[in-house]
Amino acid sequence: MKLIEPTPIEPTPPEPDFGNLPIELLVSIFKYLSTGDRNAASYTCWKWYEASKYLGFARQMVLHLVGIEFDDGKPPVADLLQSPHVYPVLKLTRVRLQQSVYSQFWKDFGPAISEITFEKCMIWRERIIKVLKHMKNLRTVCFVECDLLRDDLFKEWKFMENGLMGRFESVATLSLAKNNFTELQFGAIVEMMPNLTVLDLSNCFSYVDSISKTVMLRCILRFVCERQCTIKGLIMKGISLDDIFLRGLNKAEGLRLENFSMVYQEKMPLRDPAIIQFLRQQSEMKVLDLSQSIGITDYCLDQIVHHMKKLEIINLNNCWNVCDYGVAQIFRLQNLVKLDLSQCRITKKSIVDGAVHCNRKLLKELHLEQIDTLDDDCVVRIGANFTHLTVLNIGGSSSCMTDWSAQYIFCNLTNLEVANFERSTKLTDAGFTGIDLPQKTFAIWDIEETFSIDRLKKLRVLKVSGCYKLTDFSLRYAFRFMELKELNLSRCHQLSKQGIEKLVTNCPALEYLDLSECPNINDCCVELIAQNLKRLSTLKLANCPLVSEVGLSYLSEHCKNLKYLYVRGCFKLPPDISERLANISTLRQVYKS
């Protein structure tokens, strides 16, 4: 009789302890996560929380203080003074700086601040200088809409008063967007910042007469010419410039811009047009925004292609006078990363011809919003040629996205992170899911294959507003996106509880959800959303007539990260909505009728 020795049982290997990973390794892993994902991961344990507060991540976050009283003894300022962390990027909206200039906050956090934005703030005279003097490493200063208030930012500044004349040599970027100011005021503020490289004047002078605007443009031109060797960015989006201003820029021979925005609406002069000389002269340009410039023609685009070889981003949104030839030439730029052709009067020929010469591996963003002349064959060509796209915007082009053309997008553009298919009225459940398609995408002998939208695993933003043929069937069988952050389903009239039930479990990372004008959304849907979407910060339920105060109770109980709630047109809701949601500490604004 032979004895058989028992087989030794191998010990079960211990489960990995991710909580004890070295902090350096955690930081390296967290670098691959978005800001929202890092915030969610920080709740796992204390060590992960510390890794999420790494200084490199802090620079990507904004400390936004809205409508607060800047008092060291009251929250949130009192709480911030107890924090061991720094806040390199700070934004203040509707904050009165009357007493805050003496706050300990600026002494403690000022040296770490590299960017500060004042939006609609009541700040005047010497107070702004008293605040900025604590920021030794300040690189960017933004004043946005500060003159909307009567006591505006620039009124009666007295820099020499009490010896407060300051020079902030570290500031490289200045934004005065959406402000109206005079020549004296502009000169005073730029004099304090001698090392400016970027000046942003977007949408300024909206409410001034033409004479005052002309005087200010001359002042700006004089400033640019004086600092022509250091200025690299001049952003004048929303400001119409003429050949006289551009001719002045051309005289600054040392000016080599890398970032430029303007609106050019004049008819190009036949003799010696300054716009052409400007495009030829600025050979170092990397970012060019010519949106709403109806004076730009194919000849201008031809000059851009031949002289701006380093161009990476070009915005031609609403440039009506560019045609297929000029747009096809733009694709020849070999460093092109982003191209915006929205609302241009072009056909698919420009896209098809341009794809032949394009550096397809480098082009990441393509915007073709509201171009009705595109068809489904154009979308098929986009899917076949631009396989490295991460952003595709064809919203409002109602005839080009069909069930058949959508299949080529879902098959080939697997790197998409942002997709806008708004108002694609021909798109049905068959196109979203690949089920019951009358025509198969690929059919070879007896092999047939179709594709679902959930093939786009990297999607972060999806907009399908106005796709009224979309039903619960697509939400149940196709909308499975573990990393989706923003979803717009407004005006999708056939959605109901059955679809929402699957959506909230298959898209758990949603932070923004728009269900406006979906008539079947009721309190049960709100309950599912509140219980399952823990990261939700913005919820839009405008004109959803079935939502009542019962839905508010679910939001109050479960939505602890909600910041913005839109409930306009929900006539069943009581008037005291804000009071009923008072226990949501993060809630900033309720938009109601």
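Because the model is predicted, local features need pLDDT of at least 70 and side-chain atom pairs count only at pLDDT 80 or more, while totals for chains, interfaces and linings use all residues. Residues are numbered from 1 along each chain as its sequence is written, and side-chain values use heavy atoms, with hydrogens and water left out.

**Annotated span**

- An unreviewed UniProt entry lists residues 21-61 as "domain: F-box"; UniProt positions are given in the numbering used here, feature names are shortened, and annotations may be inferred rather than shown by experiment.
- The span 21-61 is 63% helix and 0% strand, with its end C-alpha atoms 24 Å apart. Helices (H or I, at least four residues) and strands (E, at least two) are DSSP runs, numbered from the N terminus.

**Aromatic rings**

- The structure holds 18 aromatic pairs. Rings of Phe, Tyr and Trp (its six-membered ring) pair if their centres lie within 6.5 Å; planes under 30 degrees apart count as stacked, over 60 as edge-to-face and the rest as tilted.
- Phe260 and Phe278 make a tilted pair, at 4.9 Å centre to centre and with 50 degrees between the planes. Phe260 is in strand S8 (residues 259-263) and Phe278 in helix H11 (residues 274-281), so the pair ties together parts that are 18 residues apart in sequence.
- Phe260 is buried at 0% relative accessibility, and Phe278 is buried at 1%. Buried means under 20% relative accessible area, exposed over 50%, and partly exposed in between (1.4 Å probe, protein chains only).
- Tyr87, Phe105, Trp106 and Phe109 are linked into a cluster by ring pairs.

**Charges over rings**

- The charged end of Arg38 sits over the ring of Phe57, 4.1 Å from the ring centre. A charge sits over a ring if NZ of Lys or CZ of Arg is within 6 Å of the ring centre and within 35 degrees of the ring normal.
- Arg345 lies over the face of Trp320, 4.5 Å from the ring centre.

**Salt bridges**

- The count comes to 17 salt bridges, a salt bridge being a side-chain nitrogen of Lys or Arg within 4 Å of a carboxyl oxygen of Asp or Glu.
- Asp37 and Lys485 meet in a salt bridge at 3.3 Å, N to O. Asp37 lies in helix H2 (residues 35-41) and Lys485 in the loop between helix H18 (472-477) and S18, so the pair ties together parts that are 448 residues apart in sequence. Asp37 and Lys485 are buried.
- Asp289 and Lys237 form a salt bridge at 3.8 Å, N to O. The pair links distant parts of the chain, with Asp289 in strand S9 (residues 287-289) and Lys237 in strand S7 (residues 233-240), 52 residues apart. Asp289 is buried at 10% relative accessibility, whereas Lys237 is partly exposed at 38%.
- Arg167 forms a salt bridge with Glu169, with the closest N and O atoms 4.0 Å apart. Glu169 is partly exposed, at 49% relative accessible area.
- A network of salt bridges links Lys348, Asp375, Asp377 and Arg381.

**An enclosed helix**

- In helix H16 (residues 403-412), 8 of the 10 residues are buried, so the helix is largely enclosed by the rest of the structure.
- Among the buried residues of H16 are Asp403, Gln407, Tyr408 and Phe410.

**Backbone features**

- A cis peptide bond, with omega about 5 degrees, joins Pro75 and Pro76. Pro76 is in the loop between strand S1 (63-66) and H5.
- Phe205 is not a glycine, yet has a positive phi of about 60 degrees. Phe205 lies in the loop between strand S6 (198-200) and helix H9 (210-226) and is buried at 6% relative accessibility.
- Gln370 also has a positive phi, near 55 degrees. Gln370 lies in the loop between strand S12 (365-367) and helix H15 (376-385) and is partly exposed at 36% relative accessibility.
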